[in-house]
Amino acid sequence: MILGIETSCDETAAALVTDDGRIRANVVASQADLHARFGGVVPEVASRRHLELVTPVIREALAMADATLGDVDRVAVTRGPGLIGALLVGVAAAKAIAWSRHLPLVPVDHLEGHVAALYLEPDPVEPPFLCLLASGGHTMLLDVRAHGEHELLGTTLDDAAGEAFDKGARLLGLGYPGGREIDRLAREGDPDAYAFPVARVPGLDFSFSGLKTALLYAVRDLAPDELARRRADLAASYQRAIVRALAGRVRAAAEQTGAERIAVVGGVAANSELRASLPGAALAPLALCTDNAAMIASAARFAEPVAYPGYLGLDAYASR
Ligand code: KG4
Ligand code: ZN
């Protein structure tokens with residue numbers, strides 16, 4: 001069994017996954033409430049919370065799997081990209097556990113982890129496929145050729161799609177994280193009420209900063225009571241623009257590469273309109289879209305382990 005640990009942002013997560021991709025336990029302790037009043041993740045607060053949560057979360061995962069550390073064959077941990085202080089908590093915990101049991105350690109790239117969410121049972125997706133990875137920190141189109149092997153076809157030139165959701169939610173006076181809030185409110189609104197722009201960027205790249213500015217202007221022009229009345233319409237129109245940009249690029253990339261299969265992963269893959277707008281696409285289950293450790297353990301199945309005790313000097317990285 002693989003013990004996966006993920007602490008790259010504001011979720012403290014541990015999971016136990018078998019070598020053939022079955023999830024025995026998947027525990028996620030979200031810190032969202034802790035950061036909500038700041039309207040976003042406060043890195044130092046996140047690190048301190050990870051420190052408090054990482055051991056109980058690992059214990060809970062073991063208990064859920066009815067296992068002990070004696071059942072663990074290797075330890076997988078997110079090494080980056082993410083908040084450096086947050087990452088270091090997970091990396092230190094993983095090193096300590098692996099070292100104490102003389103186990104190998106598998107450093108995992110968080111983005112590889114998101115893709116590897118697709119490789120888990122009961123409905124694993126096999127490469128090759130075209131993959132949209134849309135999270136709070138990244139928006140990428142990947143040509144996935146094999147497990148752990150891909151080519152980057154496009155990326156965002158400014159904000160990530162999840163960031164656009166979060167910043168939009170903030171402008172609308174909604175809570176954090178904003179994606180889920182906009183998703184919910186958009187169901188009550190008219191997506192055609194506002195004509196928000198879809199950026200025209202060459203190639204297969206994305207851009208969301210102009211859209212965010214358009215929403216800012218729309219909100220600024222409204223009196224408070226008017227904003228309250230139009231909030232659902234704004235949310236629906238804003239979401240429609242993000243989804244159009246994402247789905248449009250996915251279709252263009254599929255045409256260019258001749259990809260027969262499309263997959264969508266990352267926190268934004270939980271968006272109901274995006275899911276509906278790409279019929280036939282392979283979608284990670286909702287619980288595996290947002291950050292979790294099962295996807296990290298899954299990626300470790302296809303990555304090179306570092307033997308005991310060679311990993312003690314291993315460092316985290318904030319960006320690729
Ligand atoms: O993958 P993830 O959990 O963390 C990162 O690696 O960034 O993604 C978090 C992002 C946040 O920006 C959040 O607002 C967005 O995913 N998100 C959503 C939904 N659920 C989460 N965006 C749109 N609709 C959703 N239902
Ligand atoms: Zn993520």
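Modeller: Before the ligand, one term: a polar contact here is a pair of N or O atoms within 3.5 Å. Please also keep in mind that this is a predicted model.

Colleague: Fine, so what does D183 do at ligand 1?

Modeller: D183 places a polar side-chain atom 2.9 Å from a nitrogen atom of ligand 1, and because a pair of N or O atoms within 3.5 Å counts as a polar contact, this pair qualifies.

Colleague: Which atoms of H114 and G179 face an oxygen atom of the ligand?

Modeller: For H114 an N or O atom of the side chain is 3.1 Å from an oxygen atom of ligand 1, whereas for G179 a backbone N or O atom lies 3.0 Å from an oxygen atom of the ligand.

Colleague: How many residues surround ligand 1 in total?

Modeller: There are 19 residues around ligand 1, and the closest of them are G136, D166, G179, D183 and D291.

Colleague: Changing topic, what is the strand order in the sheet that contains β1?

Modeller: That sheet is open and has five strands in the order β3-β2-β1-β4-β5, with mixed pairing. Since β3 (23-30) and β5 (105-109) are at the edges and have a single partner strand each, one side of each is left without a neighbour in the sheet. Neighbouring strands are turned by 20° against each other on average, ignoring direction.

Colleague: And in which sense do β4 and β5 pair?

Modeller: Strand β4, residues 74-80, pairs with β5 in the parallel sense over five bridges, and T78 has V108 in β5 as its bridge partner. Helix α3 (residues 84-101) packs on this sheet, where it touches β1, β4 and β5, and its direction makes about 160° with that of β4.

Colleague: Last one, how do α5 and α7 sit against each other?

Modeller: The axes of α5 (residues 161-171) and α7 (residues 209-220) come within 10 Å and cross at roughly 10°, which makes α5 roughly parallel to α7. In the contact, K167, G168 and L171 of α5 meet K212, L215, L216 and V219 of α7; by class, these are four nonpolar, one polar and two charged residues.

How values were computed
Residues numbered from 1 in each chain as written. Chains lettered and ligands numbered in written order. Predicted model: local features only at pLDDT ≥ 70, side-chain atom pairs only at ≥ 80, totals over all residues. Heavy atoms only, no water. Pairing = 2+ DSSP bridges. Helix = DSSP H or I, 4+ residues; strand = E, 2+ residues; numbered from the N terminus. Axes fitted to C-alpha atoms, helices over the stretch in contact; angles between N-to-C directions. Contact = heavy atoms within 4.5 Å. Parallel < 35°, antiparallel > 145°, perpendicular 65-115°, else oblique. Nonpolar A, V, L, I, M, F, W, Y, C, P; charged D, E, K, R; others polar. Near = heavy atom within 4 Å. Polar contact = N/O pair within 3.5 Å; in protein donor to acceptor, adjacent residues only side chain to side chain.
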